Amino acid sequence: MNVEPKVKRFDKNIEILKLDEWLNCTSGCDTSLFVALPLIQRGFVWKPKQIIDLWDTLLRGMPMGSLMYSLIPPGVEVREIGGKDLIKTPESGAIGLIDGQQRTLAMLIPWEKVGEKMDRRIWVDFFDKPSDEHLFRLYVTTKNQPFGFQKTSPSTKLPLGERTAAREEFIKQHKKLDLSQDFLFKMAKPYHAKFPLDLRILIEGWKHQSNLGNQESKSVWVNKIEEMLERMIVEKLSIDDLELAKIRISRFADALERFFALQIPLLKVDPALFSVNDLNNSDHNENNDPPLAILFKRVGTGGTLLSDADYAYSIIKNLHPETYTLVEALYSAGNIASLLSPTDLVMTTVRLVAAEYKEKLTDWESPRKIEFHRLIKHDGFLKDGFLPLIRSDLLNDAFASLTKLLKFDKKNNPYGLPLHTFPLLNRPLIQVLLRWIRIVQLRVSGDVNFILEQSRGEILRFIMYWQLGVIDQRKASLIAFQQFRTDDVCFSGKEIYKTFIKERVAIPIASPEKILEVKQDVVFSPDATRLRGWERFDTQRATEEENFIVSLYQRWWGNGHYVHPLLLWLQREIVAEFDGSPVAGREEDTPYDYDHICPVNHWGNWTGSSKGNRLIDFLARENNGGHWRVGNSIGNLRVWQSGENRSYGDATPSEKLKFDNPIERDKLLQQSAIDSSQIEGWKICSDGEKCWNETRAQAFQKVIEQRAFALYKCFYCELGFSEWS
């Protein structure tokens, strides 16, 4: 039977669809309405808590706002939801989802067809009491976090000890040691859940019963879910637990009735808002945002503004739809391009084209919408500059060459970057490196990689200095672009560094000896000193040279937070062996942890020890937070593979580093970037666990100071910074 294309009825400014009808169409279950992904591309991914909150809203039967769409004529290349390749819209035309992508994708996680391809799952646990703000206990698991997240903080990773315990339990249950991410994601369940059920199973079962047209379909569904839980239960539960679970299942059936009764409004957007010609109007104020950007400021975006990069990509895709396929090809190549979002890849290409353009153009590191329009108005900028570069292999080759140049190899590139370190390379820095590689490509006709490798040491030195010393990355990137000459085949890192210092966008590097000579007390506390907080970095009455030293070492020491990305390079041999995707792109999904060598539970504010025996009782100044400044220093942190069986959570340093087993100890010390000369200090830190005394507190500070400085010496010497001093 031929179904009349539903897109024909989309002739009003507001269309109303049943929510399940919308999800059937966007998932491809219903092909009578073709829905394409948005021309607007936001670099935005919802966190687990946002997904849970949305589904709680839907299960309550509450509205979740409107979506925005535009009509797309037949024969236009678009991407359907759940797919990557471009396909042409059917003869009946299509609608393009402009605003509402994240909400729609979150709703599709438990939907058939598309949901099975996603890297997230939603679970319902009827045996667990819901939080105060939710109707039901919902969990989210992801491919990189297959055991889920913290129960009270659904977007925060499980503590290391719980991930380890979850993995060990899973291995015992499945009797399988070779656990791939795919296998874990498919088979694992939320760690804190009692008897969780996949929301997709619940919804598919409901739809199946509803399609049968049985008047008793609701009660049949309830009975089937109860039976399903009874088969899962392998331990005795109280009668009260069982009765509560049945009540929640019945309430969930009511919630699904509300969900399947929901309707959703779709607001039509005039295609004229995508025009790039409006700025030619003489009445237009060139400092105003273009119409499309203004729309996203004012209409139903839930506070999510359309960024400059998102806007630029949407305009380019609208003018040249093939851009999407070209960007996806770059993005999926598996090299450094994968670190950048599609919008960043487009803006990087735009910047490189501007630098190589036949006329001298202003270098906007991150052009605003108005500035972007000025660029693309130049004759042939997109057609003869942007498209040829992104369409050819040249840009992909540049990314591939950069990856090869930087990637750690114990034998051939021992000071390189392991893959998990690549996220340190942000867009302004990557653009600087690509600009130089493009100069070499344009200048050299022979083996480009051979030429690039001559500058490998200088490149690595420049990259790692950027992480530590650059204060204003945007200005630094602009300065670096200005420093390049079209005949540069050697990377002039030292000259760029000197200009950084002159323009005060970075802090001078200093040798370890110079730091001790100028400001020794910033590195080591005088003997018998109590825990020092931020007074360690006090610059009152300091000279300019002392100010530079203090600023540099303060950045090295850390700002009071426990995240120290430079450890990924300092521990590069073991980091290179870590499993998991280095380009997860989601903070809660990183497949490694920053692990306190002496755990927080031994020295934090609430250790359970009595007054007088806590680390906070040995601060140099009352309430100065010195224990956090010391405990969260780079000297007390290491990076460690998430969920590894050899991770010991809150164990003492002596237990964690196996001091009672010299062979294991030496291996763990090397992997953790701890010098053997520090063993005695870590032993003293282990005595007493949560109970402290003056001697132990001083040893805690001293060994952390020793390790922090030893790590700095490795950083300075192994990267050859004496070449710049």
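## Getting started

The model is predicted, so local features need pLDDT of at least 70 and side-chain atom pairs count only at pLDDT 80 or more, while totals for chains, interfaces and linings use all residues. Residues are numbered from 1 along each chain as its sequence is written, and side-chain values use heavy atoms, with hydrogens and water left out.

## The chain as a whole

The protein chain has 30 helices and 12 strands. Helices (H or I, at least four residues) and strands (E, at least two) are DSSP runs, numbered from the N terminus. Of the 725 residues in the protein chain, 53% are buried. Here, buried means under 20% relative accessible area, exposed means over 50%, and partly exposed lies in between, using a 1.4 Å probe and protein chains only. Contacts (heavy atoms within 4.5 Å) also say something about the fold. Among those in the protein chain between residues at least 6 apart in sequence, 75% join residues at least 24 apart.

## A sheet of five strands

An open sheet is formed by 5 strands in the order β1-β10-β3-β6-β2, with mixed pairing. At its edges stand β1 (14–18) and β2 (35–36), each with a single partner strand, so one side of each is left without a neighbour in the sheet. Two strands pair if DSSP finds at least two bridges between them.

Strand β3 (residues 67–72) is largely enclosed by the rest of the structure, because 5 of its 6 residues are buried. It runs parallel to strand β10 (residues 263–268), and 3 bridges join the two. With strand β6 (residues 94–99), β3 runs antiparallel and is joined by 5 bridges. In β6, G96 stands opposite S70, and A94 is the bridge partner of I72.

Two helices lie across these strands. Helix α1 (residues 19–27) lies across β1, β2, β3, β6 and β10, running at about 90 degrees to β1. Helix α3 (residues 101–108) lies across β3 and β6, and runs at about 105 degrees to β6. For such angles, axes are lines fitted to C-alpha atoms, for helices over the stretch in contact, and the angles run from 0 to 180 degrees between N-to-C directions.

## A sheet of three strands

Another open sheet has 3 strands in the order β8-β7-β9, with antiparallel pairing. Its edges are β8 (138–142) and β9 (196–198), each with a single partner strand, so one side of each is left without a neighbour in the sheet. From one strand to the next, the twist averages 35 degrees. Strand β7 (residues 120–125) pairs with β9 over 3 bridges in the antiparallel sense, and the bridge partner of D125 in β9 is P196. Helix α2 (residues 48–59) packs on this sheet and touches β7 and β8, its direction making about 140 degrees with that of β8.

## A lysine to look at

K519 is found in helix α21 (residues 512–519). Is K519 buried or exposed? K519 is buried, with a relative accessible area of 15%. Not counting residues up to four places away in sequence, K519 touches D538, I549 and V550.

## The cavities

Rolling a probe the size of a water molecule over the atoms shows where empty space is left. On a 1 Å grid over the protein atoms alone, a cavity is a set of points where a 1.4 Å probe fits but cannot get out, and lining residues have an atom within 4 Å of a point. Grid points are joined across faces, edges and corners, and a volume is the space filled by probe spheres set on the points. The structure holds 2 cavities of 30 Å³ or more.

| Cavity | Volume | Lining residues |
|---|---|---|
| Largest | about 40 Å³ | V350, R351, A354, T362, D363, W364, P367 and L375 |

Helix α12 (residues 342–356) gives the most to the lining of the largest cavity, with 3 residues. That lining divides into 5 nonpolar, 1 polar and 2 charged residues. In this scheme, Ala, Val, Leu, Ile, Met, Phe, Trp, Tyr, Cys and Pro count as nonpolar, Asp, Glu, Lys and Arg as charged, and the others, Gly among them, as polar. The lining of the second largest cavity divides into 2 nonpolar, 2 polar and 3 charged residues.

Methods. 1 Å grid on protein atoms, 1.4 Å probe; cavity = no way out; pocket = protein on both sides within 12 Å on 5 of 7 lines; lining within 4 Å.
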